[in-house]
Amino acid sequence: MCWKCGEEIDLSNGVYRNSTCPVCGADLHCCRGCKFYSQGNHFDCRESVEDFVKEKDRANFCEHFMAGKNSASANKISSEKNASEKQAARSAFDALFS
């Protein structure tokens, strides 16, 4: 699945550094398309990578890369969930002083 547009892509032949989404043209072998991508972790990765990758949406040579399901729609849902949790925590904090 493309991390940018959410399009289902056949990855049976593998994902190479020059692989792109046939719909939106986004690089697929990039941090944003990896199953280990996790914003907020060290270098935004759950693997112990040694090198910082500045452009998370551009193709790279990372040896830990594994195609993930980091689609645009999944990222939006995750972001909405985080906003909801943040608002609930803020309300609980405000209630302490009311």
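**Exercise 1. Aromatic pairs**

Find how many aromatic pairs this predicted model holds, and classify the pair of Phe43 and Phe52.

*Solution.* 
Step 1. Search the whole structure; the search gives 2 aromatic pairs.
Step 2. Take Phe43 and Phe52. Their ring centres lie 5.5 Å apart, and the planes meet at 55°.
Step 3. Planes under 30 degrees apart would be stacked, and over 60 edge-to-face.
Step 4. Turn to Phe93 and Phe97. Here the centres are 5.1 Å apart, with 65° between the planes. That angle is over 60, so this pair is edge-to-face.

**Exercise 2. Accessibility of the paired rings**

Decide for Phe43, Phe52, Phe93 and Phe97 whether each is exposed or partly exposed.

*Solution.* 
Step 1. Exposed needs over 50% relative accessibility; buried means under 20%.
Step 2. Phe43 has 26%, so Phe43 is partly exposed.
Step 3. Phe93, at 48%, counts as partly exposed. Phe97 reaches 64%, so Phe97 is exposed.

**Exercise 3. The cavity**

State how many cavities of 30 Å³ or more the structure holds, and describe the lining of the largest cavity by class.

*Solution.* 
Step 1. Count: there is 1 cavity of 30 Å³ or more.
Step 2. Volume: the largest cavity takes up about 70 Å³.
Step 3. Lining: the residues are Met1, Trp3, Ile9, Leu11, Val15, Leu28, Gly33, Phe65, Ala67 and Gly68.
Step 4. Sort them. The lining has 8 nonpolar residues, 2 polar and no charged ones. Gly counts as polar, and Gly33 and Gly68 are among the lining residues.

Note on methods:
Residues are numbered from 1 along each chain as its sequence is written. This is a predicted model: local features need pLDDT of at least 70, side-chain atom pairs count only at pLDDT 80 or more; totals for chains, interfaces and linings use all residues. Side-chain values use heavy atoms; hydrogens and water are left out. On a 1 Å grid over the protein atoms alone, a cavity is a set of points where a 1.4 Å probe fits but cannot get out, and a pocket is an open set with protein on both sides within 12 Å along at least five of seven lines; lining residues have an atom within 4 Å of a point. Grid points are joined across faces, edges and corners, and a volume is the space filled by probe spheres set on the points. Rings of Phe, Tyr and Trp (its six-membered ring) pair if their centres lie within 6.5 Å; planes under 30 degrees apart count as stacked, over 60 as edge-to-face and the rest as tilted. Buried means under 20% relative accessible area, exposed over 50%, partly exposed in between (1.4 Å probe, protein chains only).
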